[in-house]
Amino acid sequence: MGAVRGFRRRQALLVVLMLLAVQLVWLARPAYACGCGAMVVDPKTTLSVDRETSAVRWDGKTEQIVMSLAVAGTAPDAAWIMPVPHRATVKLGDSALFDELARVTAPADKRRTYFWPHSGDWPFSWGAGDSAEAPLPGARPGVGVVGRQRLGPFDVARLTATDPEALRGWLRSHGFTLPSALAGALRPYVAQHWEYVAVRLAPDDRHGYRGYLTGTLDPLRLSFASDRLVYPMRLSRLAKTPQSLGLYVFAPHRMEPRSAIGGAEPHVFFAGRIRPTGAVRRLTGPAPTYLTALDQHFPHPERITGDHELRRAATDTPYRRVHYIEVLLKLGGVPAWIVVVGGALVLLHVTALAIALTSRRRARRRGSAAAAAQEPSAR
């Protein structure tokens with residue numbers, strides 16, 4: 001018996017050590033990219049983007065992107081870079097925006113009745129409990145620092161670059177070892193003369209980040225001129241783990257991606273014209289606007305082929321998810337199945353009683369007829 005217990009203890013210890021090893025390997029993986037751009041941390045630390053949510057507003061001339069990242073890890077700071085087609089302005093976003101969007105796009109509740117009782121209904125419930133600027137100091141050859149500003153926990157630099165290696169060098173000079181693949185991924189943007197927003201996330205106690213980046217970061221709002229609705233995704237091909245993209249798109253009409261760009265087919269979970277209120281109104285203005293909300297997963301980020309370009313859909317057909325609330329059908333406050341079953345039982349009882357009475361009457365008549373037939377012979 002003692003030998004068996006010792007063997008079981010060794011088995012349990014081996015399982016625990018294996019699980020611990022898997023967890024340590026997972027923690028050791030740095031997050032080089034998220035769905036919105038390239039996220040870079042010190043290789044001795046870790047940072048994972050648990051969820052990225054972005055709201056995009058486009059009026060045909062100007063595009064605004066508000067991003068909110070939920071992160072976790074051991075990194076005391078990090079750098080993040082996002083390419084933009086034209087010069088961008090950067091501000092802190094409205095922290096109430098995504099709560100408002102979640103409310104607007106929540107599934108519609110609809111009541112749906114059912115006839116037969118389910119678990120929890122009687123009788124099954126018994127026993128159940130209920131502008132161009134001069135370069136600033138810090139520029140490197142091939143890199144222009146258009147502007148530098150402090151926004152809450154963010155140190156934001158707006159950059160131009162004619163050489164991807166110089167851009168990578170500028171970021172490296174600010175204390176971050178970048179993956180060598182980043183320079184190659186930046187080349188198409190350099191060739192198209194895009195500009196860049198480089199953000200250093202430097203947490204401090206004043207903004208709720210105590211010593212390291214964790215939780216939901218303050219949202220950032222980027223604005224830039226654009227004659228097409230584009231969402232940069234090319235740098236996400238550097239990611240080492242599957243990526244998830246959530247977009248709320250405000251435009252004059254329903255919008256759709258031109259292609260899946262190497263990911264799963266985008267899934268629309270809301271489409272419709274809305275009248276903005278609260279934080280949404282502060283982003284879009286008071287006029288009614290069309291909101292398209294979609295999710296997309298990238299199980300193999302290395303297959304991402306480019307940036308998302310969204311175009312007008314063929315129709316403005318609205319769509320909203322439905323959450324059905326199952327309710328037991330009742331008649332006059334009484335479960336319909338009881339009324340129907342009880343009525344059927346009463347009907348069966350009455351029918352059986354009627355048949356019995358009819359049978360008795362017939363039997364009496366036959367008895368009377370038989371008695372009458374015997375009387376003459378008796379005389």
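1. R273 is partly exposed, with a relative accessible area of 48% (partly exposed lies between buried, under 20%, and exposed, over 50%, with a 1.4 Å probe and protein chains only). Its side chain meets that of D316 in a salt bridge at 3.8 Å, N to O (a side-chain nitrogen of Lys or Arg within 4 Å of a carboxyl oxygen of Asp or Glu). R273 sits in strand β15 (residues 267–274) and D316 in the loop between β17 and β18 (319–320), so the pair ties together parts 43 residues apart in sequence. Strands here are DSSP runs of E, at least two residues, and helices runs of H or I, at least four, numbered from the N terminus.

2. A word on the basis: this is a predicted model, where local features need pLDDT of at least 70 and side-chain atom pairs pLDDT 80 or more, while totals for chains, interfaces and linings use all residues. Residues are numbered from 1 along each chain as its sequence is written, and side-chain values use heavy atoms, leaving out hydrogens and water.

3. Do look at E309 too: R228 forms a salt bridge with E309, the closest N and O atoms being 3.1 Å apart. R228 lies in the loop between β11 (220–225) and β12, and E309 in strand β17, so this pair links parts 81 residues apart in sequence. Salt bridges with shared partners join R228, R258 and E309 into one network.

4. E309 in β17 also stands opposite V230. Three bridges join β12 to β17 (residues 308–312), and the two strands run antiparallel; strands pair if DSSP finds at least two bridges between them.
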